[in-house]
Amino acid sequence: MELQFEGDELKSVLNRLRRAQGQISGVIKMIEEGRDCEDVVTQLAAASRALDRAGFAIIATGLQQCITDADKGGRDGETTEQMKARLEKLFLSLA
């Protein structure tokens, strides 16, 4: 299944990923500068949350599309149980 985003969904996910990218760059710079550990960990936690939120948004869109695909017969002969197992594995990858 090819994941397809529409307007606002795409913008939201890309904004979250760019935010995380900036935060990770900030963490690298902070470490290189020998900044305070607490500040580094706080910034790292913010980057992690941004990545998590982007991942969950991607999974939510994917789940919606998979449900639509299931109504149309799923992936090349994939059973409902196989699709459920695949989606569960995907969801748990972010847990």
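Reader: Of the 95 residues of the protein, what percentage count as buried?
Author: This is a predicted model, and its secondary structure comes to 3 helices and 0 strands, arranged along the sequence in the pattern α-α-α. The protein exposes about 7000 Å², with carbon and sulfur atoms supplying 54% of that area. Among its 95 residues, the share that counts as buried is 20%.

Reader: In which helix of the protein is confidence highest, and in which is it lowest?
Author: Across the protein the mean pLDDT is 81, and 80% of the residues reach 70 or more. Where pLDDT is low, the predicted coordinates should not be read in detail. Taken by helix, the highest confidence belongs to H1, at a mean of 89, while the lowest, at a mean of 76, belongs to helix H3 (residues 80-92).

Reader: How does the reach of H1, from its first C-alpha to its last, stand against the span expected at 1.5 Å a residue?
Author: H1 has 26 residues, and the expected span is 1.5 Å times one less than the number of residues, which gives an expected value of 38 Å. The reach in the model is close to that expectation, at 38 Å.

Reader: Which residues of H1 are buried?
Author: Val13, found in helix H1, has a relative accessible area of 6%, and therefore counts as buried, since the term applies under 20%. Leu14, also found in helix H1, is partly exposed because its relative accessibility is 31%. The buried residues of the helix are Val13, Ala20, Gln23, Val27 and Met30.

Reader: Which residues make the nonpolar surface patch of about 450 Å²?
Author: Helix H1 (residues 7-32) gives the most to this patch, with 5 residues. A patch residue must have over 30% relative accessible area, and Leu14, at 31%, is partly exposed. The patch is made by Leu10, Leu14, Leu17, Ile24, Ile28 and Leu51.

Reader: What distance separates the C-alpha atoms of Val13 and Leu51?
Author: Leu51 is one of the residues that make the nonpolar patch, whereas Val13 is buried, at a relative accessible area of 6%. The two residues lie 38 residues apart along the chain, and their C-alpha atoms are separated by 9.4 Å.

Reader: What percentage of the contacts with a separation of 6 or more is accounted for by residues 24 or more positions apart?
Author: A contact here requires heavy atoms within 4.5 Å, a criterion distinct from the C-alpha separations given above. Among the contacts in the protein with a separation of 6 or more, residues 24 or more positions apart account for 70%.

Reader: Which residue with a positive phi follows H1?
Author: The phi of this residue is near 70°, and the residue that follows the helix is Gly34.

Conventions:
Residues numbered from 1 in each chain as written. Predicted model: local features only at pLDDT ≥ 70, side-chain atom pairs only at ≥ 80, totals over all residues. Heavy atoms only, no water. Patch = residues over 30% accessible without salt bridge, like charges linked within 9 Å, V, L, I, M, F, W, Y side chains within 5 Å. Areas by Shrake-Rupley, 256 points an atom, 1.4 Å probe, with all protein chains shown as cover. Salt bridge = Lys/Arg side-chain N within 4 Å of Asp/Glu carboxyl O. Helix = DSSP H or I, 4+ residues; strand = E, 2+ residues; numbered from the N terminus. Buried < 20%, exposed > 50% of the residue type's maximum accessible area, 1.4 Å probe, protein only. pLDDT = per-residue confidence, 0-100.
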